[in-house]
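Me: I have just opened this structure and would like to learn how to read it. Could you walk me through a few features?

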Amino acid sequence: MDGDYIIGGAFSIHYKEKIMIHDYITMPEPPSCTGGINSRELLFSRVMIFAIEEINNSTELLPGIRLGYQIHDSCASVTMAVRVAFQLSNGQDPVFHTGDKCSQSGMVMGVVAESGSSPSISISRIISSFNIPQVSHFATCACLSDKQQYPNFFRTIPSDRFQADVLAKLVKQFGWTWIGAVRSDSDYGNNGMASFLKAAYREGICVEYSEAFYRNDPQSKIQKVADAIRRSTAKVVVAFAATGDMKVLLEELARDPPPPHHWIGSESWIADPQLLRFSFCVGAIGVGIPGSVIPGLRDFLMDLSPSEVAASPTLTEFWEDAFNCTLEKSAAAVKKDCDGTEDINTLKHPYTDTSQLRITNMVYKAVYAIAHAIHNAVCERTNFTTQCNKHTRLESRQILTELKKVNFSRNGYVVSFDANGDPPALYELINWQKNKSGVIELVTVGFYDASMPIGQEFRIIRNLTWMDGGMQVPVSVCTDRCLPGTRKVLQKGKPICCYDCKPCPEGEISNVTDSPDCFPCPREFWPNAEKNTCFPKPVEFLSFDEVLSIILAVFSVGGACLAIITAAVFFHHRTTPIVRANNSELSFLLLFSLTLCFLCSLTFIGEPSDWSCMLRHIAFGITFVLCISCVLGKTIVVLMAFKATLPGNNMIKWFGPLQQRMTVVSFTFIQVLICTIWLAVSPPFPVKNLTTYREKIILECALGSAVGFWAVLGYIGLLAFFCFVLAVLARKLPDNFNEAKLITFSMLIFCAVWITFIPAYVSSPGKFTVAVEIFAILASSFGLILCLFAPKCFIILFQPEKNTKKHLMNKNQL
């Protein structure tokens, strides 16, 4: 249609370009389109006409100026798009006009083109040389935002840079880490998928396969892509494809439907009603342009009379295809003749469906954007009126300049462009859902708004339907998720999403799903059996309620009682010869010290504390020295008594009762002095032993100063050894009063116990270290009391006839 200023348009009204085989002999035919009418693209072209007629009837926008249009069919072909670009540049318009003449309308002021990114790129490269602005309604390739290469390009649909990010977040939102990817082998598909894969890798998503195809590819190539989908293990397929390409792929898959897959779609095809017939894609989800309302559009679309249709080859083809009849009368026609009763208002067809005006609104806004740029260039507002000069000679570069400044609202929709010629990014999340009658519908389930703060751009407002119409979110992972308590170990030569789940090593946990590593618990904590949380380690010590402790305590108390009973027997028979001959004072002191030795073992049982740690070692050291000092005193007395029987020996008078007491006190005082220094310098203290066992804490007494401990133990050993040597020297006393033999045997047992104790003490783990020490105390104490006092008590109680001075002095009697 002619006008004062012309707006060009290019739409992929047919699905593909007719393939021509040239013989280079005859003149080739002009390129043409084939593949049937793309109803949605036809709708776009009609919306452009509707918008221009609406503008021409407006009193606010371009009053008094009539816009014209040139609309061309690019067949979704790059070569045809190049041809269209030249036609728009020189004003030729052979598509919607009958006859062979070409109208010479002059250069267009702006172009609304194209639905595909590749054709848009081709058109932009050509018309940019003439500074003709191009506004696309559907070309989303992020590459077109490059103003160095495409300075004349604008669009009313967001860039794929945003769409790719939304799709990656959508996949991540539902925990899908193992996906398949298919794309159109075009600038739109290749650039869009590249952006998506980059965003997906940032989100930790792996791709099992990535296939590219184009609608004009051989059938074998399409089948190869379909087979890759059929045999894949990924349950989710992301398709970054144009509508025409997706239609070809889905038709191939429909021949042999694959196992259920969940489709994630780009805005190019996910909101196309023509694809809803592929029921195996129910549950598909993707991003789409927000739905809109264009008042009066439906009435315009329905206002198609047969005469108007017959005047346009394109509309004729659409009409015949929609009603399955032919307008041309011919006896050889396969279809029936159209009889004039066809009513487009009763037609259920994508062309007549205005319930989902998404990309349609983008076309509408693109036309208005160019019209506003023209308005700003030729119109002036004075005295509350707008005056436009239709005779103003405009150059397309002026429109290009004004288009950058466009900012207006139409039907509630804001139209503006940033420095890259892109609009603000706003998407709807679209889900293919079956309604109650079983018909698949496009349902908006969420939104994405790039203008929102980070983290709030993406939101879901209602439940989704998944593959096969299910309500359960499908699982698409290369490997099942690793539960807490395990870690991921990558499989060699496979993507990072393919891994094995290995249990955490001992002492380490993982408390999240799919943990890449395990981490150790704090020092005083230990993992539970599932290795998914840390619990405080059990604290272990030799407590009174343990069987071992009870047994040791019984022996300890029993030994003390035995010593007291022995003392009572000796006290009751203190006037008898055998008691008097055994130095009753040292015997009672020895029995008292043995009682303390037995009881001091009780201090080793129970939870260690500052006082108990000091008490157990000091009590042990002092009581045993007191005990050994008494035995040593008895040994010296026996030795002196034996020596005194020899002629001329008067040594016994030098070791009387006073000297005996002083000997015991002196030896004991040295031990008290050692213990005092030990306590003053570095006393024993309670400590948590975390090294012996990793899974539990041993609460024990640290020695403080190891030198102090071994000095105490060494001093006891020194006295015991000295006592043993003296007892050996007195072993030839008369048999009936051989106290030295008993002392020798008792010291032999004592030394054997404590010599054995040292390696056992060092090698025993945990609370058994304390048990070994208690056992050594009890064993040596029982050895002393049984060896020294049991034979005498037996004589006192059961053989009183031997408890006489005569018997004791007679060495020949037994």
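**Strands, a helix and a buried arginine**

Reply: Gladly, and let us start with strand 12 (residues 285–288): Ile285 and Val287 point one way, Gly286 and Gly288 point the other way, and all are buried. Buried means under 20% relative accessible area, exposed means over 50%, and partly exposed lies in between (1.4 Å probe, protein chains only). Helices (H or I, at least four residues) and strands (E, at least two) are DSSP runs, numbered from the N terminus. This is a predicted model, where local features need pLDDT of at least 70, side-chain atom pairs count only at pLDDT 80 or more, and totals for chains, interfaces and linings use all residues. Residues are numbered from 1 along each chain as its sequence is written, and side-chain values use heavy atoms, with hydrogens and water left out.

Me: Which strands pair with strand 12?

Reply: Two strands pair if DSSP finds at least two bridges between them. Strand 11 (residues 262–265) runs parallel to strand 12, joined by two bridges, and Ile264 stands opposite Ile285. Strand 19 (residues 426–434) pairs with strand 12 in the antiparallel sense, over four bridges; there, Glu428 is the bridge partner of Gly288.

Me: What is the strand order in the open sheet of three strands?

Reply: The order is 28-30-29, with mixed pairing. Strand 28 (539–540) and strand 29 (685–689) are the edge strands, as each pairs on one side only. Between strand 28 and strand 30 (residues 697–702), the pairing is parallel, over two bridges, and Val539 has Ile697 as its bridge partner.

Me: Now a helix, please. Why is helix 3 described as largely enclosed?

Reply: An α-helix has 3.6 residues a turn, so residues three or four places apart point the same way. In helix 3 (residues 117–127), ten of the eleven residues are buried, so the rest of the structure largely encloses this helix. Among the buried ones are Pro119, Ile121, Ile123, Ile126 and Ile127. Their cover includes strand 1 (5–11), helix 2 (78–90), strand 5 (110–112), strand 6 (134–136), strand 7 (153–155) and helix 5 (187–202).

Me: And Arg40: is this residue buried or exposed?

Reply: Arg40, found in helix 1 (residues 39–56), counts as buried because its relative accessibility is 9%. Contact means heavy atoms within 4.5 Å. Leaving aside residues up to four places away in sequence, Arg40 touches Phe138, Thr243, Ser268, Ala271, Asp272, Gln274 and Ile359.
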